[in-house]
Amino acid sequence: MALNLYNYLTRRKEPFRPLSEGRVGLYTCGPTVYNYAHIGNLRTYIFEDILRRTLAFSGYAVRQVMNLTDVDDKTIRGAKHSGKTLRAFTEFYAREFFKDVRRLNILPAWKYPRATRHVQDMVRLISILLKRRLAYQTRDGVYFDISRFRPYGKLSRVKTRELKVGVRVAADEYSKAEAGDFALWKAQKPGEPSWSAPFGRGRPGWHIECSAMSMKYLGPSFDIHAGGVDLLFPHHEDEIAQSQGATGKPFVRYFVEGEHLLVDGKKMAKSLGNVYRLADLEKKGSGPLDFRYFVLGAHYRTPLNFTWKALGAARAARAKIMTALGDLKTHKGKSSLADENEVLKVIAYSERQFRSAIEDDLNIPKALAVLNELIHYANALNARGRLSSSSGRMMLAAVKEFDRVLGLDLLRVEKLAIPKR
Ligand code: AMP
Ligand code: ZN
């Protein structure tokens with residue numbers, strides 16, 4: 001079986017076929033560095049890491065690009081409030097983001113371009129859109145004219161009649177109800193950072209950065225674009241319009257979007273006091289990999305509800321696995337030839353099951369079940385003194401393979417807080 005992915009462009013699971021054999025260009029929308037990443041953001045980054053690891057497991061050389069949004073409405077507002085320069089303000093949160101990434105075993109991307117260092121690429125792109133009359137200039141900036149781009153709305157399935165042709169939205173974030181011409185460039189305002197451009201000093205809108213930076217590093221057409229579902233509209237829709245509008249070439253082949261994390265059944269919000277970050281989980285005794293295990297327990301296309309109880313259950317389940325794997329390392333049993341043959345068969349079966357699970361649109365909950373079954377089997381054999389060192393080693397080798405995708409550090413047997421029974 002080949003890798004199948006749910007593609008939001010067609011709203012179907014499709015076999016994955018890369019543009020050039022053996023390689024994948026993957027663009028994942030990164031953080032807006034105006035605050036610490038919350039556990040919802042982290043769920044999305046873990047899902048993207050699983051996507052990337054699965055592609056690698058399937059034999060592809062993956063080039064992942066993840067942007068850092070270090071200039072937009074939110075970062076400018078944040079810097080102003082803190083009294084810091086935009087640069088100092090955003091660099092602090094960028095560093096914090098990289099710390100979280102490392103601790104969650106998220107593999108580093110090939111490139112982490114920052115918006116402020118690619119403004120000239122965005123200016124060039126906007127100039128092309130102006131020349132092609134897909135954009136127009138007003139007193140407060142440059143806007144994309146959605147009425148001039150026929151496929152607008154195809155990805156998010158916003159109907160033409162819902163689109164407010166001729167209505168302009170200046171905000172970086174807006175809803176379907178406001179869908180209209182969106183800002184590519186915002187004319188300079190007093191006290192705001194600005195760059196020079198042929199169409200006047202100002203700063204880029206949010207959407208243009210992802211078009212400019214993805215195409216700069218991955219080319220005008222690339223394989224996969226990922227993010228959280230909230231980005232489907234307007235962000236990814238606008239990216240398609242900008243990129244395809246400028247190059248005349250198809251932009252991205254597969255849009256893969258992860259569902260949100262909820263907290264106690266609700267959207268995370270400052271007003272509800274339920275916006276958690278990794279440090280908050282640690283204060284209550286759960287580490288980054290406990291959270292990762294918790295996230296892997298749900299398919300990326302189903303909303304996941306965070307509760308302290310569910311996190312505790314994930315922590316206990318991971319501890320149990322780690323303990324069992326520790327025991328496997330100290331196997332001293334003797335096995336017959338029949339036992340050895342059976343072990344080989346069980347491992348081969350597990351490997352097939354594991355692969356077909358992950359290749360079926362990243363069915364990680366199923367893959368985790370396969371892992372747990374294999375460990376359960378090995379434990380039972382071990383308990384009866386029938387697990388030889390060679391069988392034990394083969395088991396651990398299989399687990400190590402699985403961990404290339406899961407990224408749970410399964411073979412690093414730690415001193416666990418939970419006592420061994
Ligand atoms: P932001 O830093 O707001 O640009 O968001 C970074 C990433 O986190 C984007 O891919 C969002 O789609 C994603 N995201 C935001 N909120 C949540 C949430 N509650 N659950 C999962 N992903 C989220
Ligand atoms: Zn983006």
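Start with ligand 1. It has 15 residues around it, and the closest are G40, N41, T44, D230 and L261. Keep in mind that this is a predicted model.

Take the backbone first. A nitrogen atom of ligand 1 lies 2.8 Å from a backbone N or O atom of L261. G40 also contributes a backbone N or O atom, 3.0 Å from a nitrogen atom of ligand 1. T32 uses its side chain: an N or O atom there sits 3.0 Å from an oxygen atom of the ligand. How much of ligand 1 does the protein bury? Alone, the ligand exposes 490 Å², and the protein buries 89% of that.

Next, ligand 2, the zinc ion. Its protein donors are C29 through SG, C210 through SG and H235 through NE2. They lie 2.1 to 2.2 Å from the zinc. Along the chain the spacing reads C-x180-C-x24-H. C210 lies in helix 5, residues 206-218, and H235 in helix 6, residues 232-247, so this pair ties together parts that are 25 residues apart in sequence.

Last, confidence. The chain averages a pLDDT of 94, and 97% of the residues score at least 70. One stretch to flag: over residues 414-421 the pLDDT is below 50. Beyond near neighbours in sequence, that stretch has 9 contacts in the model.

Key
Residues numbered from 1 in each chain as written. Chains lettered and ligands numbered in written order. Predicted model: local features only at pLDDT ≥ 70, side-chain atom pairs only at ≥ 80, totals over all residues. Heavy atoms only, no water. pLDDT = per-residue confidence, 0-100. Contact = heavy atoms within 4.5 Å. Donors = N, O, S within 2.8 Å, 3.2 Å for Na, K, Ca; no water. Helix = DSSP H or I, 4+ residues; strand = E, 2+ residues; numbered from the N terminus. Near = heavy atom within 4 Å. Polar contact = N/O pair within 3.5 Å; in protein donor to acceptor, adjacent residues only side chain to side chain. Areas by Shrake-Rupley, 256 points an atom, 1.4 Å probe, with all protein chains shown as cover.
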